Amino acid sequence: MVLTTERLVLRPWKVADAESLFYYAKDERIGPIAGWPAHQSVEESREVIRNVFSQEGVFAVTLKGDDTTIGCIGLLTGSRSNFPIDEDEGEISYWIGVPYWGKGLIPEAMKEIIRYGFEDLMLKCLWCGYFDGNEKSKRAQEKCGFRYYRTNKDVYCPLTRDVRTEHISRLTREKWSKSGV
C-alpha cells in the first residue's frame with residue numbers, strides 16, 4: 001500500500017532504507033522524546049526495519065520525487081496498537097527527521113493516514129499519544145483535529161527503561177467528517 005499527499009509518498013519500509021533511517025534516528029532529539037533510544041548503528045536500524053517497521057500499517061515518509069526516507073508514520077489497529085483499543089479503532093504514531101521539523105510534513109502525512117483510517121479501513125476512532133515535553137507532537141495532533149482525552153501517569157517505557165507521563169488524544173470518525181480537517 002502506497003499513500004500520497006501533495007508533497008509526500010508514504011510507502012512500505014525496505015531494508016535498503018537502513019542508512020537513511022540511521023541518519024535521522026541517531027539524533028537524540030527524535031527517539032528519546034518518543035519513547036525509544038537513538039539508534040547506534042546502521043545494523044540496528046536495519047533490524048528495526050525488519051522487526052518493527054515491516055508490519056502492515058507502518059509507512060516510510062519520503063518526499064515526492066526523492067525515495068529517501070525522512071521519517072515514519074504508522075496506523076496500528078486494535079490489538080496491534082500500544083493502547084487497549086477496539087478492533088475498529090487505530091493508533092497513529094509518527095516521527096520525522098530534525099531538518100524537516102516545522103514544515104508541516106507530519107500533519108500532512110497524518111491527514112492522509114486519518115483519511116485512510118476512516119474512509120478505507122472504516123475505523124470509528126483514532127488515537128494518538130505523546131509524552132510530557134513533546135510539544136511538537138501535541139501541536140501536530142491538534143492541527144489534525146485530535147483532542148485531549150486523558151493523561152496516564154507512571155507509564156513504563158521498556159525501550160528507554162524509564163517512567164513517563166503520557167497524554168492521549170483522540171479523533172472520532174464523526175468529528176473528522178464534520179471538521180473538514
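**Pockets, cores and salt bridges**

Colleague: Which residues lie nearest the centre of the second largest pocket?

Modeller: In this predicted model, a pocket is worked out on a 1 Å grid over the protein atoms alone: it's an open set of points where a 1.4 Å probe fits, with protein on both sides within 12 Å along at least five of seven lines. A residue belongs to the lining if it has an atom within 4 Å of a point. For the second largest pocket 10 residues qualify, and nearest its centre lie G145, R147, R170, L171 and K175.

Colleague: What kind of model is this?

Modeller: Residues are numbered from 1 along each chain as its sequence is written, and side-chain values use heavy atoms, leaving out hydrogens and water. Local features need pLDDT of at least 70, side-chain atom pairs count only at pLDDT 80 or more, and totals for chains, interfaces and linings use all residues, this being a predicted model.

Colleague: How much space lies in the second largest pocket?

Modeller: Rolling a probe the size of a water molecule over the atoms shows where empty space is left. Grid points are joined across faces, edges and corners, and the volume is the space filled by probe spheres set on the points. For the second largest pocket that comes to about 180 Å³.

Colleague: Which residues touch the most other members of the largest nonpolar core?

Modeller: In soluble globular proteins, nonpolar side chains tend to be buried together. A nonpolar core is a set of buried Ala, Val, Leu, Ile, Met, Phe, Trp, Tyr and Cys residues joined through side-chain atoms within 4.5 Å, where buried means under 20% relative accessible area, exposed over 50% and partly exposed in between (1.4 Å probe, protein chains only). The largest one has 44 residues, and those touching the most other members are L10, F53, I73, I92, M110, I114 and F146.

Colleague: What does I114 touch?

Modeller: Contact here means heavy atoms within 4.5 Å. Skip residues up to four places away in sequence, and I114 touches I92, L126, C144, F146, L171 and W176.

Colleague: Is T77 buried or exposed?

Modeller: T77 sits in strand β4. Beyond its neighbours within four places in sequence, it is in contact with E87, E89, G90, L121 and L123. Its relative accessible area is 17%, so T77 is buried.

Colleague: How many salt bridges are there?

Modeller: The rule asks for a side-chain nitrogen of Lys or Arg within 4 Å of a carboxyl oxygen of Asp or Glu. K14 and D67 pass, at 2.7 Å from N to O, and this pair links distant parts of the chain, 53 residues apart. E119 and R115 pass too, at 3.3 Å, and both lie in helix α4, about one turn apart. By this rule the count of salt bridges is 15.

Colleague: Which residues do salt bridges that share partners join into one network?

Modeller: K14 is partly exposed because its relative accessibility is 36%, and D67 is partly exposed at 41%. Salt bridges that share partners join these two into one network, whose members are R11, K14, D17 and D67.

Colleague: What is the phi of M122?

Modeller: Most residues other than glycine have a negative phi. M122 lies in the loop between α4 and β6 and is partly exposed, with a relative accessible area of 47%. It isn't a glycine, yet its phi is positive, about 60°.

Colleague: Is I85 buried or exposed?

Modeller: I85 is found in the loop between β4 and β5. Leaving aside neighbours within four places in sequence, it is in contact with L76, G78, G90, E91 and W127. Its relative accessibility is 12%, so I85 counts as buried.

How values were computed. Helix = DSSP H or I, 4+ residues; strand = E, 2+ residues; numbered from the N terminus.
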